[in-house]
Amino acid sequence: MRKETTTLLHFHPEKIGWIGLMLLGLGLLVALPFLWTMQNVESPRLREKREHPAPLAPYTFTLPLSPSTPGFCIPDLQGKMTFSFDPPRPDCLTAPNRLLVRLKQSGESQRVVLPCRIDLEYQRDQLKFAQPPSEFWMELAALPSGQILATGWISSLDGTKVSAGQFQVSGQECPLQEAHEFPEGSPFRQLAEAKWWGRDLFRGANALAERIETQELLELKETDWLVWQEGKWQKQEKPHPELPIAHIQSISPKTLVLEGWDANAHTRIALPLASGPPFKMKAEELLSSLRIRSEKQISCMLEKQCLVLKTGDWVLKTGGRWKVLRKKEEREAFFNGKLFGELFILDQISQKQGQKMIQGRLFNSGRTQFIAIDMAVQGHKTARKPP
């Protein structure tokens, strides 16, 4: 009997792990029904909070704006636009004095008559004109001093307007406009795309007009007018009272400024001198193998082309080849600008210190540059006498 009791109470350490797992599983089976019940039971207060959460207080702020509030800081409007008065047409002095407002960044412009309102807006940090009515605008008025009073305004939430700054400015000269600023097909776009060839150096002292090439080459003096008629610019002595007109305003060595008017606006256009690159050709590169044939005749190679020339000859380069203009009609066509190309003129054959020399002039195709040719003749060829 004693031996059996000792066997039942004998300690088995290798079975402790299994006994622990069995006890844990038994406890979990007992607790599952209780946890399931607690999960599906919700107090009425929690249910109410879940179904009807309390509204969050919005994050709000206010600006103390009123009609009497001083204007607050906004971007410098004066630095972002220019103001210029349109001079009246010379043939219509009673026309209203319009003001051109031009935005510097976008290049947009708007013509107004004072007093006026201009609606504005910002798009990607760029000031632009807006469709009225806008919540941001500027009012312009003329002052007795001749200056312009500009006042910025912003519409507040309650519908009142708040001052957004004020400045005074004098009207400037109308800014120069480029071709892309005019609508496609506009007469002034065509004029802005014209070429100014300067004066005709071929005519020398007789060249008193500036040559402007639009659809055709026009020679324009400062007293002449251009009139848009029959789909092109034409030269006339007087401006037309109804059609677009233009004339020379100023001339500098590199720029010619035209000013013009249409029915509603004034404009200024700058044309650069289209003289082309300067002549870099040397006389010996143009003429070679010079030989005297007589007192008034030479033979030569003109850019590898063999020619016999007399003093006074005009030699025109067209299509890559030189041609002597011997006919009167050919010379008149070149003189009147109907033939184009580089032109060499053999002026004379002379003798200096016992050396035969030739003198001539080479004009570029635009006739805005020329180089003087003064070369010694290397050899002398005596013409054969008939037997």
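Trainee: How do β18 and β19 pair?
Mentor: They run antiparallel, with five bridges between β18 and β19. Strands here are DSSP E runs of at least two residues, and helices are H or I runs of at least four, numbered from the N terminus. Two strands pair if DSSP finds at least two bridges between them. This is a predicted model, where local features need pLDDT of at least 70 and side-chain atom pairs pLDDT 80 or more, while totals for chains, interfaces and linings use all residues. Residues count from 1 along each chain as its sequence is written, and side-chain values use heavy atoms, leaving out hydrogens and water.

Trainee: Which residue is the bridge partner of Ile-298 in β19?
Mentor: That's Leu-309.

Trainee: And what about the turn of that hairpin?
Mentor: Three residues sit between β18 and β19, and Glu-303 in the turn has a positive phi of about 50°.

Trainee: How many residues separate β17 and β18 in their hairpin?
Mentor: Two. β17 and β18 are also antiparallel, over five bridges, and Ser-294 stands opposite Gln-297 in β18.

Trainee: Which residues are on the covered face of β19?
Mentor: Leu-307 and Leu-309 are, whereas Cys-306, Val-308 and Lys-310 make up the uncovered face. In a regular strand, side chains alternate between the two faces of the sheet.

Trainee: Switching to the core: which residues touch the most other members of the largest nonpolar one?
Mentor: Leu-287, Leu-309, Phe-344 and Ile-358, out of 22 residues. Elements giving two or more residues to this core include β17 (287-294), β18 (297-302) and β19 (306-310). A nonpolar core joins buried Ala, Val, Leu, Ile, Met, Phe, Trp, Tyr and Cys residues through side-chain atoms within 4.5 Å. Buried means under 20% relative accessible area, exposed over 50%, partly exposed in between (1.4 Å probe, protein chains only).

Trainee: What does Leu-287 touch?
Mentor: Leaving aside residues up to four places away in sequence, Leu-287 touches Cys-300, Met-301, Leu-302, Phe-344, Ile-358, Ile-373 and Met-375. Contact means heavy atoms within 4.5 Å. Another core, of 20 residues, lies apart from this one, with Met-81 and Phe-136 among them.

Trainee: How much of the chain is buried?
Mentor: 35% of its 387 residues. The chain has six helices and 25 strands.
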